[in-house]
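Hi everyone, thanks for having me today. Please get your viewers ready, and let's walk through a structure together.

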Amino acid sequence: MSCSKPDILWSPHHPDRYVICDSELGLYRIGPAGGSESKPGTLPLSDETAATLLAINSDTPYMKCVAWYPKHEPECLLAVGQANGRVVLTSLGQSHNSACKELVGKEFVPKHARQCNTLAWNPVDSNLLAAGLDKHRADFSVLIWDISSKFSPEAGAATAEKIRLSSLDLDSSTVVTKPLYELGQNDACLSLCWLLRDPKLLLAGMHRNLAIFDLRNTSQKTFVNTKAIQGVTVDPHFHDRVASFFEGQVAIWDLRKFEKPVLTLTEQPKPLTKVAWCPTRTGLLATLTRDSNIIRLYDMQHAPTPIGDETEPTIIERSVQPCDSQIGSFAWHPSSQNRMVVVSAANRAMTDFTVFERISLAWSSTTSLMWACGRHLYECAEDGAEGLKGTIEADIATKMRQRAQSRYGHDMVQVWRNHVLAGGSDPQLKSLWYDLSYILQYCQGTPQDLQGNKQSMVYSGIKNIVKTSSGTSESRRCWSGSERQADVPQFHSEERSLALRLCGWTGRGSDQDVEPLLRALEQEKEWERAAAVALFNMDIRRAIQILNKGATADKGDLNLNVVAMALSGYTDEKASLWREMCSSLRLQLNNPYLCVMFAFLTSEPGAYDAVLNESSVAVRDRVAFACMFLNDTQLSHYVDKLSGEMKEAGNLEGVLLTGLTKDGVDLMESYVDRTGDVQTASFCMLKGSTGEVLKDPRIQCWIENYRNLLDAWRFWHKRAEFDIHRGKLDPSSKPLAQVFVSCNFCGKSISYSCAAMPHQGRGFSQYGVSGSPTKSKVTSCPGCRKPLPRCALCLMNMGTPVSNSPGTGKSDEKMDLTRENKLAQFNNWFTWCHNCRHGGHAGHILSWFRDHTECPVSACTCKCMQLDTTGNLAPSDSS
Amino acid sequence: MFVARSIAADHKDLIHDVSYDFHGRRMATCSSDQSVKVWDKSENGEWHCTASWKTHSGSVWRVTWAHPEFGQVLASCSFDRTAAVWEEIVGESNDKQRGQSHWIKRTTLVDSRTSVTDVKFAPKHMGLMLTTCSADGVVRIYEAPDVMNLSQWSLQHEISCKLSCSCISWNPSSSRAHPPMFAVGSDDSNIGYGGKVQIYEYNENTRKYAKAETLMTVTDAVHDIAFAPNLGRSFHVLAIATKDVRIFKLVPLRKESTSSGPTKLEVQIVAQFDNHNSQVWRVSWNITSTLLASSGDDGCVRLWKANYMDNWKCTGILKGDGSALTGSSGQPTAMSTVVGSSLQSQSAFNGMSAGR
């Protein structure tokens, strides 16, 4: 604690005050930072707190160490140890009350001048102040002063001395020269602390040993030889535990076994400057080394645990970095949890800093976050009114859960509607489900005998369709409804018209009419797109008409009229002003469809890059456009390039091009890689893929992962529905029967006779079910005709239809007749406990366990219903 | 304003780990008070402690659930050099009525000579397997050959990692294209010892685990490591808690079918964030691996999310004590902050807070 290096002391009584001492003493008050930026003299300590300088005391030069008087009154009394060994009492910014006045300015002077290294107030008898001094020949180095003592404690012997002193000091009444106790003869004292277990004991770090002095018997001392004699300090929570250090090593001592340190901490490369126990938590020791910007923490709160014959305390070592600059010193706040103020070595910059407990955390499967901080648990649930919702609304896990609940993917009739079930806000999903919808529509529209070859082609995507194209014819079409000549070459082939159908431009049947699409688009108020489609079909008048309609419609955009006006001025004159203006001004149009309309009109035939590469225009429109206006080479080149891009980006719009081939799986793979949306991947692949593609391990992997997700969310009903759905589309996925019941006597399966019949239950054996009238009741084994086991409750052989059990006679259950009827067949099922192997009719067993926990069979204590914890969980999607 | 719900944990000392079960309806916590607590979520969303018992004679570092198809099974590991397997049983008394469940110790794994720092069950498609790692740098893989008998575990593999291990994570991918793989992190703080994350892969031919990769760029102490749920992706994602949050992408290079030896992995760093401005303590993925949560010595929990360009950014900051984040000007600017995958400037997120 040299004067160049600052140190910090917290006030023992005011939780918001501390003193920084370097060459002078500065008293600060800490407070909230809010709005105090304007106030002069405040120093920001952290985001929330700032310090105000209250007082400065520079009366005492050559400060070596400072200690704050521990009692309430007088407050703000400080003892300062000086380089010449004197100890001065001083005060900071206090109105001098009587008690204080008497003490402030008092000096305690050792016989021989040498540096004062350390000061310590006795925590109980606060009149006692211990000072540790450097060595001076055979003089004592630990002096204990009584601050209440007058200048001459002993009248006789001190008289001569008093005379001597009065010549030195003018105001001799404030100078005390006679210490109460003198200890540590012929030695130096580097650190001191009073022991908390007994206030008569003083622990001192002497030159080469740690010594415990007892004030009741000053002639004796307990000591242990060690180098670790600096910075002795007692753990405030464990009074027998003491820390001290030497160079870079900290030693932890147990005063009950004082012979050797119980523990030495890993040595630091640089010498330590401060070691302090945290006053608010047991066993937390903070250490600081020279020229460092980190504080190292040792968590020793775990009492030594005997394992075998060794003992070894647990230490969790951590380091924290309160500020960027090098730390001069730090001090724990006496009462605030794990809080400290840090002062930098160079410029007295201070930081308010809290050491946080290490937080462990975990996500649940339903996206709620739990974390543990210290001894506390916090949960941030997704489904709360507030909480995580705002931050992670768009997460795919939440989306998939919502979509699963809205039966996303299950609409088999109107396949395109699935994107509405998904929320209707994702353009990629919309495109995907329309693609699938058009494919399926085409398959349904084609007569059975024509399918085969065509159908596989439909699934293989436009990329493959246009490749097989042959016999393309070229035609030049005029603008319909316009007298002007157009010189735009258009291409036709059977494959191209198929592609147009898959793009959704032309409908069912052989006619190439886009009118149904235009009307649908008008209905959905997609005016710009409708106008563009009309224009690409060489119907400029229709396009203008659509735009007009759009401008006059509800909430229509009047600018559309302006666009229509511009459109009507179209001329194919190469050098016209119209053309010049349109090609430059079109780039300022916000709507991509309006933009490509003018791009089309101002382009040279065959050079439509501005249309084809406009990425905000839907892929289906660009592809349809390409199918009309690009020749075979250009078209296949364009489609190849575009599908490559889509695959790279995992853009589902590209499914139109790749189809649901292996290419499509590649595209879907990069979609899943990007989004994790295995739900869409599973449904899409099931819906549109042929058996061969479905065998791709990647698809199976997505399906498994999706089923696993549903299970984790306890969407068991949804999972089962998904399995049923999957079984319909991919019959190979149907699981085999899971359970067989064999006869006790002959060992043959008793479902043997049922197996020949059409499969009814899924994995359960059914007996006596009235479902098929031809089927006789089976109460005995079909193999050996021995009777089947009896129901534990009604004592009838299994296979006998269940009679009303007493449980079902209850009035409240009668109410729900339809439900009972639904369950009637289930009531007849044979069920048993896998643990005790007792069983009976499912209905009887269920009603028994409504009121009982143990098995209905006498002397069987099996708690059948509680054995399976998962079985007791309710599905979260029961609907 | 974001406010987290506090749950009265009633542990007598620091809680070191929390762990959800497969369905998210049960939770286990472990603490320095040498106990494990099991919590059940009631229908109204409240958590109730249904079991609390002393598990070890030292701090319990980690607790983890087995997949429910193996029953209600927990594993814990401790400073007392052991790991233990616990199973819930239906007690003789009317425990259920009192809302209490009964857990009994099925086995104690005593092979480690030092503190067992992490314990994890292998993915369920591998069967009932348990992995521990310890401060002496050994990873041990145990298997229960009979899933009905949890008192018998055989030590299948003992892998020496040379460095003191702090954490372990299994690659959860169940795809047949991916052989079993785990990553182990070391908290050794000597940066001279090189990479602190090692990745091991099972070799079908030698029937042994062999090192597939060492992440040489991670040289500081690693406190936690987490493989992301794979969900059918073609690559693996690994989050690492060290002096910062790091996200790595491990892309298996398709190998020729004949070649043996470990899969070649292409390692890409996807994101690196020093926003915690201090040591990062834990990382955790959500079920679709689209959200990452991290906690650091700054006392905050941060949430990370990738946009469609695979650029990760911070989408929320929660204070560890559940209080609202104050001080910084709290506008929801999170969405507009563009964050690349490279090193970020420190101040990029200073103006953000969660839920406001």
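Let's begin with a pair of rings. Both A:Phe600 and A:Phe629 are buried. One thing to keep in mind as we go: this is a predicted model.

How are the rings of A:Phe600 and A:Phe629 arranged, and how far apart are their centres? The centres are 5.1 Å apart and the planes meet at 50 degrees, so we call the pair tilted. To count as stacked, the planes would have to be under 30 degrees apart, and to count as edge-to-face, over 60. Now look at where the two sit along chain A. A:Phe600 belongs to helix H15, residues 592-602, while A:Phe629 belongs to helix H17, residues 619-629. They are 29 residues apart, so the pair links distant parts of the chain.

One aromatic cluster is formed by A:Trp505, A:Phe536, A:Phe600, A:Tyr608, A:Phe625 and A:Phe629. Over all chains, the structure holds 35 aromatic pairs.

One member of that cluster, A:Phe536, takes us to helix H11 of chain A, where A:Phe536 is among the buried residues. After the helix comes A:Met538, with a positive phi near 65 degrees.

A:Leu795 has a phi of about 60 degrees, although it is not a glycine. You will find A:Leu795 in the loop between helix H25 (752-755) and helix H26 (811-815) of chain A, and at 54% relative accessibility it counts as exposed. In chain B, B:Arg81 has a positive phi near 75 degrees, and it is not a glycine either. B:Arg81 sits in the loop between strand S7 (73-78) and strand S8 (83-89). Is B:Arg81 buried or exposed? Its relative accessibility is 13%, so B:Arg81 counts as buried.

Next, charges. A search of the whole structure finds 58 salt bridges over all chains, and I picked a few to show you. A:Arg197 and A:Asp240 meet through their side chains, with N to O at 3.1 Å. This pair also links distant parts of the chain, 43 residues apart. A:Arg197 is in the loop between strands S15 and S16, and A:Asp240 is in the loop between strands S19 and S20. A:Arg197 is partly exposed, with a relative accessible area of 40%, whereas A:Asp240 counts as buried at 15%.

Compare that with A:Asp235 and A:Arg241, whose salt bridge has an N to O distance of 3.0 Å. Here both residues are buried.

Now for one that crosses between chains. B:Arg5, in strand S1 of chain B, reaches over to A:Glu379, in strand S34 of chain A. The closest N and O atoms are 2.4 Å apart. B:Arg5 counts as partly exposed at 32% relative accessibility, and A:Glu379 is buried, with a relative accessible area of 1%.

The charged end of B:Lys249 sits over the ring of B:Phe235, 4.5 Å from its centre. Over in chain A, A:Lys274 lies over the face of A:Phe330, at 5.6 Å from the ring centre.

On to the cysteines. How many disulfides does a search of the whole structure find? Zero, over all chains. B:Cys165 is in no disulfide either, with the sulfur of B:Cys161 nearest at 4.1 Å. A:Cys794 counts as partly exposed at 26% relative accessibility, and B:Cys165 as buried at 1%.

Last stop: an annotation. In the model, residues 8-40 are 0% helix and 55% strand, with end C-alpha atoms 13 Å apart. Residues 273-305 are 0% helix and 58% strand, with end C-alpha atoms 12 Å apart.

Key:
Residues numbered from 1 in each chain as written. Chains lettered and ligands numbered in written order. Predicted model: local features only at pLDDT ≥ 70, side-chain atom pairs only at ≥ 80, totals over all residues. Heavy atoms only, no water. Phe/Tyr/Trp six-rings, centres within 6.5 Å; stacked < 30°, edge-to-face > 60°. Helix = DSSP H or I, 4+ residues; strand = E, 2+ residues; numbered from the N terminus. Buried < 20%, exposed > 50% of the residue type's maximum accessible area, 1.4 Å probe, protein only. Lys NZ or Arg CZ within 6 Å of the ring centre and 35° of its normal. Disulfide = S-S within 2.5 Å. Salt bridge = Lys/Arg side-chain N within 4 Å of Asp/Glu carboxyl O.
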